[in-house]
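Here's a quick briefing on one model. Have a look at the sequence and the fold, then walk through the notes below.

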Amino acid sequence: SDHKLDYPTSPESMDWSKLYPDFGNGDKPVTIADIGCGYGGLLVSLAERFPERKILGMEIRVQVTEYVEERIRALRESHSEIGKFNNCAVIRANSMKFLPNFFKRSQLDKMFFCFPDPHFKQRKHKARIITNTLISEYAYVLKEGGILYTITDVLDLHEWMKKHLDEHPLFERLTPEQEANDECVDIMTNATEEGKKVSRNKGSKYIACYTRLPNPTI
Ligand code: SAM
């Protein structure tokens, strides 16, 4: 439960250097977050694709987080002479609760929600990771023009995420062309462990990506 979760009291109090000890550009903030990163397939693919960016996976399960830590440690070690994978890290966190403790306003420019837990039952819907309240938090940590990516194999959850994001004044869906041309859509479709499982089972993948709109002027 939460009292066992370590989280900073504010983004300023977070010691990022522990997570990215050998990343040259130490002061650069994290700009890409993989929420509920699972076993880290997307994380490491994004790390290769965006070697200059700091990427963070957040995962609530202890053992899964430890697995990803180990995975990153091994990748760093086997690529130590070229310094690859120093730009990705994972933390154990409940991202439904403490996101603004980790990230400043407008800090992120990409957030990924890949195959989130569907919470099928009606009474469990409030446990979903896309809700009105949480979307406002995502809007807070995402910068203008930043992108929130969602993918799921559960049609009902896809409709749910779309409905809530469509209704939110600070998000606008990318056009089909924009989604098709965004290389991160391709990466998230194929790189996560859950996505690979869905492919093996010949399941469908539903994608919806949204850009963070400017705050309205009053
Ligand atoms: N994104 C990964 C993938 O596509 O392979 C994992 C998908 S898995 C179905 C959902 C993951 O989200 C699980 O690993 C779960 O532990 C994690 N999760 C669920 N609620 C979370 C929360 N509140 N904060 C962080 N992670 C969470």
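Where is F85 found? F85 sits in the loop that runs between α2 (62-78) and β3 (88-92), where helices (H or I, at least four residues) and strands (E, at least two) are DSSP runs numbered from the N terminus. A word on the ground rules: this is a predicted model, in which local features need pLDDT of at least 70, side-chain atom pairs count only at pLDDT 80 or more, and totals for chains, interfaces and linings use all residues. Residues are numbered from 1 along each chain as its sequence is written.

**Loop residues with positive phi**
- F85 isn't a glycine, yet its phi is positive, near 70°.
- F85 is also buried, with 25 other C-beta atoms within 10 Å; buried takes 20 or more such atoms within 10 Å, exposed 12 or fewer, and partly exposed is in between, with C-beta atoms placed from the backbone.
- S106 has a positive phi too, near 60°, and is likewise a residue other than glycine.
- Look for S106 in the loop between α3 (99-102) and β4 (108-114); S106 counts as partly exposed because it has 15 C-beta neighbours inside 10 Å.

**Around the ligand**
- The ligand is surrounded by 20 residues, and the closest are G36, G38, I60, T192 and E194; a residue is near if its C-beta atom, placed from the backbone, lies within 6 Å.
- Two elements give two or more residues to this shell: β2 (54-59) and α8 (193-200).
- α8 supplies the largest share, three residues.
- Sorted by class, the shell holds nine nonpolar, six polar and five charged residues. Here Ala, Val, Leu, Ile, Met, Phe, Trp, Tyr, Cys and Pro are nonpolar, Asp, Glu, Lys and Arg are charged, and the others, Gly among them, are polar.

**α1 against α7**
- Helices α1 (residues 41-49) and α7 (residues 183-191) pack at about 145°, with axes 9 Å apart; axes are lines fitted to C-alpha atoms over the stretch in contact, and angles run from 0 to 180 degrees between N-to-C directions.
- On the α1 side, G41, L42, S45, L46 and R49 make the contact, and on the α7 side I187, M188 and A191 do; contact means C-beta atoms, placed from the backbone, within 7 Å.
- Those contact residues split into five nonpolar, two polar and one charged.

**The annotated site**
- An unreviewed UniProt entry annotates D117 as "active site"; such annotations may be inferred rather than shown by experiment, and positions are given in the numbering used here, with feature names shortened.
- D117 lies in the loop between β4 and α4 (132-141).
- With 14 other C-beta atoms within 10 Å, D117 is partly exposed.

Technical notes
Two residues are in contact if their C-beta atoms, placed from the backbone, lie within 7 Å.
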